[in-house]
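Colleague: Hi, could you walk me through this model? I'd like to go through a few spots together.

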Amino acid sequence: MPDRIRRASDLGGGPAQLLPLVFARPREALAAARRILAAHPSPHDASIAHQVIGLVERDFGDAAAAVGELRLAVRLARRAASAPREADALAALGVALIHAGRTRAGLSRLDAAVRLATGADAARARFRRARALWVLGRHAAASADLRRALPLLRRADDPIWTARALTLRALIRLSQGAAAAAEDDLGVAERLFATTEQDHDVAVAVHNRGLVAFRAGDLPAALAHLDDAAGRYRRLGTPAPDLTVDRCGVLLTAGLAREALEVADAGVRELDSLRGQATRKAELLLVAGRAALAASDPDTARARASAAGRLFAAQGRDWWAVHSRLVLLQSRFAAHRPPSPDAPAPSPATPGLSRLVAEAGRIARRLEELGSPESGQAHLLAGRAALALGRPTTAAGNALAPGRPTIAAGNARAVDRAWGRAVGWLARADAHLAVAARDRARGSALVRATGWLAEALRAEAAGNPQRTLEACRRGLDVLARHQLSLGGSELRAQSTARGSELAAVALRTSLRAGGARRLLEWCERWRAIALAVPAARGGPDAGLRAELVRYRGVTSRVAETEAAGQAAPHLRRAQLALERRIRAREMRQPGNGGAPERLLVPQLLEALGDTRMAELVDVDGRLYVLLCHRGRIRRFAAGRTAEVAAELEFAQAGLRRMALGGRAVHGRRLQELLLGPVARQLGDGPVVIVPPAWMHAMPWALLPALRPLPLSVAPSARSWLRARAVPEPANSTVVLVSGPDLAAGPQEVAAIAKLYDQPTVLDAARATAARVLDALGGSRLAHIAAHGTFRADSPLFSALHLHDGPLTVHDFERMPAAPYRLVLSACDSARLAPSGADELLGLAAALLPLGTAAIVASVVPVDDEVTAGLMQTLHRGLRAGLCPAEALCAMRADASGDPLATATACAFTAIGAA
């Protein structure tokens with residue numbers, strides 16, 4: 001390839017060749033343009049040079065500076081008396097004015113450019129106007145310009161501008177839902193760009209491939225293309241606000257709402273620092289509003305959507321302004337929506353709620369006129385708000401049941417009025433939800449699932465439980481198939497958030513319909529579903545392994561440097577960069593198909609035998625316990641969710657204080673709230689607790705009724721059945737690992753080693769990640785004594801600390817085989833992060849799907865020396881043939897009388913089929 005840094009005079013066609021160089025190598029084009037201006041060029045050449053500078057500023061820098069440069073380019077073109085030069089500069093100026101938020105002036109310049117140009121130049125001007133119209137959301141007008149421009153560009157044998165026009169047509173087709181036609185256009189555009197040196201346009205083509213994959217529902221492929229495009233933009237040194245907008249959309253769809261919000265806000269800050277395009281800033285604010293709404297932050301959503309709406313209005317972008325208005329209405333409704341249909345209804349005079357129904361209806365009709373797929377969301381919002389108003393109350397504040405109530409005569413007139421209003425609002429709700437429900441047969445998996453949600457809400461309001469549950473089933477099936485396309489455990493878990501409301505409607509309906517069995521089936525239908533599918537294992541990924549090795553090395557150096565009292569900002573930055581790369585690799589991993597295992601209740605009841613399983617279900621803020629035992633399932637009411645959460649936080653803090661020698665925590669109040677009357681029906685046999693995801697950090701052995709029992713915890717009844725079915729290995733391999741810097745580390749492992757015949761012991765320099773992982777695979781029993789770190793901000797980087805650095809969840813997920821039983825003698829090793837709808841991320845959540853039957857780990861920090869003694873008791877029980885739950889029970893009994901030992905013993909729990 002020829003030398004890429006050439007003087008303007010060396011360019012084959014003179015200064016005119018600088019214009020295509022802008023989108024091939026913008027920094028070189030900028031330097032060459034400045035050299036031309038320094039040589040006192042003619043007005044014609046100076047016009048080109050100023051246009052080059054304006055284009056670089058317009059797309060990659062200061063939008064206001066771009067307008068100034070391009071105005072000068074137009075004046076110089078007129079001085080040169082060159083109509084083609086003037087038309088080209090006018091078109092570039094028109095686009096810059098639109099991106100600066102001056103829509104009317106920008107369109108005026110573009111119209112003038114189209115009138116002034118002829119032939120292929122006119123086609124290029126039409127393309128630029130089409131691009132501006134697409135930015136403004138005027139898709140029909142943009143398509144009309146492209147229909148006239150494309151034939152002329154093809155006849156002119158102009159591969160660059162033909163490819164750009166095809167790319168724009170693909171984007172318009174994507175916005176209309178025609179993904180296959182868009183992919184065809186992008187394929188042709190990529191082949192044309194491959195014949196040129198347009199590096200930036202090639203990056204755009206890769207970027208757009210990501211959009212096609214995204215619209216097709218292939219999130220791993222979308223993320224892979226967008227990451228590839230980001231690398232190309234970075235190498236060119238060009239900011240990419242469009243990529244930021246699109247990446248936020250993918251993250252949002254993947255369930256990573258908080259991350260999408262952070263990325264969007266960072267993009268806004270970057271544009272502000274560059275004084276970049278106002279159009280892109282408005283789009284970033286809109287996606288930030290959507291992300292905040294998905295992250296249950298309606299105040300932030302309202303602020304971002306309002307700011308976006310003001311910019312769109314000033315820019316004359318009606319299509320975008322309507323979408324920002326929808327987010328604004330959704331955030332207002334989210335701020336005061338009732339927690340459940342059984343909650344006291346708002347008065348029809350509730351400020352703004354009745355107006356919200358009307359305005360959401362108007363927004364829905366406008367979106368339909370614009371051809372936006374978001375119209376269903378607007379109808380869904382109007383339907384929700386009307387449903388909230390359609391639950392009237394009597395003067396005494398009691399919700400009316402479906403069907404006309406019987407009341408005292410003196411109250412009849414008030415009830416008649418309330419009833420009439422309710423009927424009216426419910427009719428409006430049904431009309432809007434019926435339109436929103438049409439989406440269940442079209443669009444992406446998430447759009448179809450939203451359509452099924454509208455149908456479920458409609459059926460629920462009509463009092464038809466069978467139809468409601470069928471809609472919930474169909475919607476959750478759509479989401480389950482979507483989930484199977486995702487390979488990374490984080491994406492799988494987060495994606496379930498989209499099914500939260502469908503699952504809640506199903507649980508509520510099942511509770512009303514009666515029958516504990518049906519409630520259990522629906523509870524299991526969307527609980528820990530990510531653990532109900534075998535883990536997606538890709539082929540050997542040398543790149544990921546290398547990144548993990550580097551991550552261990554950098555993290556170790558951070559710890560050493562900071563332990564010596566020195567700051568290590570450069571190492572911290574390297575550590576965070578590695579975390580981002582590792583996480584990105586995992587999210588790009590495709591799914592491996594399969595199907596989620598469904599709970600078969602007869603199979604569960606038969607497998608339980610004398611074991612009692614207590615599954616806790618949260619239905620609209622109230623806990624219920626489903627007690628499964630000896631072929632029966634019984635339902636019991638327990639406490640309010642909010643009270644349980646507060647008491648759980650108190651118990652965890654108390655257990656930490658006990659571990660440091662503080663006062664004992666008795667757990668009686670927590671037991672009353674969690675188990676209610678079930679506490680008196682647990683007998684003296686084994687008990688399996690199946691809590692909601694947010695409750696897994698519970699120290700269950702603190703509850704007086706559970707402490708003396710063989711107790712284990714499972715993420716779901718399905719995961720318990722699956723763990724129970726794991727075959728015990730034929731080998732008798734025992735692996736004992738001791739990490740560094742433990743007060744009693746070597747002694748703990750040495751004492752346990754005496755209980756077994758020829759165990760594999762890895763300590764000191766032998767306890768490296770590679771050796772530990774290799775030894776763990778397929779072993780019958782493994783014990784790791786190490787410091788542990790739980791990362792609530794990024795659970796897959798929760799780790800056990802070995803000689804060469806942290807052994808993370810990412811490492812465990814790469815194991816070809818898992819240990820049959822694993823004891824983690826480490827702080828916080830049992831902690832799991834709630835994620836998605838009712839999912840868990842962490843060490844145990846990684847190991848159970850890989851084939852580990854049972855894990856013993858702690859939910860809080862523990863004392864090293866006390867733990868070392870208790871672990872010997874645990875292993876004596878395991879050596880004698882006790883299961884982990886029974887061995888833990890014996891360990892707690894052995895610790896009784898010593899508050900510190902009791903606290904430490906209660907911190908450990910058995911997870912899985914223990």
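This is a predicted model: local features need pLDDT of at least 70, side-chain atom pairs count only at pLDDT 80 or more; totals for chains, interfaces and linings use all residues.

**Helices, cysteines and loops**

Colleague: What should H37 span, and how far apart are its ends?

Modeller: H37 has 12 residues, 884–895, so at 1.5 Å a residue it should span 16 Å. Its end C-alpha atoms are 16 Å apart, which agrees. The expected span is 1.5 Å times one less than the number of residues.

Colleague: Which residues of H37 are buried?

Modeller: Pro884, Ala885, Ala887, Leu888, Cys889, Met891, Arg892 and Ala895. Buried means under 20% relative accessible area, exposed over 50% and partly exposed in between, with a 1.4 Å probe and protein chains only.

Colleague: And what do those buried residues pack against?

Modeller: Strands S5 (711–713), S12 (821–825), S15 (854–858) and S16 (908–912), plus helices H36 (864–879) and H38 (899–907). Contact means heavy atoms within 4.5 Å.

Colleague: Changing topic, how many disulfides are there?

Modeller: The count comes to 0, taking a disulfide as a pair of cysteine sulfur atoms within 2.5 Å. Cys889 is in no disulfide, since the nearest cysteine sulfur, that of Cys883, is 9.5 Å away. Cys889 is buried because its relative accessible area is 15%.

Colleague: OK, helix packing. At what angle do H13 and H14 pack?

Modeller: About 170°, with the axes of H13 (residues 241–253) and H14 (residues 257–274) 8 Å apart. That makes H13 roughly antiparallel to H14. Angles under 35 degrees count as roughly parallel, over 145 as roughly antiparallel, 65 to 115 as roughly perpendicular and the rest as oblique. The axes are lines fitted to C-alpha atoms, for helices over the stretch in contact, and angles run from 0 to 180 degrees between N-to-C directions.

Colleague: Which residues make that contact?

Modeller: H13 brings Pro241, Thr244, Cys248, Leu251 and Leu252. From H14 come Ala257, Glu259, Ala260, Val263, Ala264, Gly267 and Leu271.

Colleague: Where does Ala292 sit, and is it buried or exposed?

Modeller: Ala292 is in helix H15 and, at 0% relative accessibility, counts as buried. Leaving aside neighbours within four places in sequence, Ala292 is in contact with Leu261, Asp297, Thr300 and Ala301.

Colleague: Now loops. What is the phi of His40?

Modeller: Positive, about 55°, although His40 is not a glycine. His40 is in the loop between H2 (26–38) and H3 (43–60), and is exposed at a relative accessible area of 73%.

Colleague: And what about the phi of Ser296?

Modeller: Near 60°, a positive value in a residue other than glycine. Ser296 is in the loop between H15 (278–294) and H16 (298–314), and is exposed at 64% relative accessible area.

Note on methods: Residues are numbered from 1 along each chain as its sequence is written. Side-chain values use heavy atoms; hydrogens and water are left out. Helices (H or I, at least four residues) and strands (E, at least two) are DSSP runs, numbered from the N terminus.
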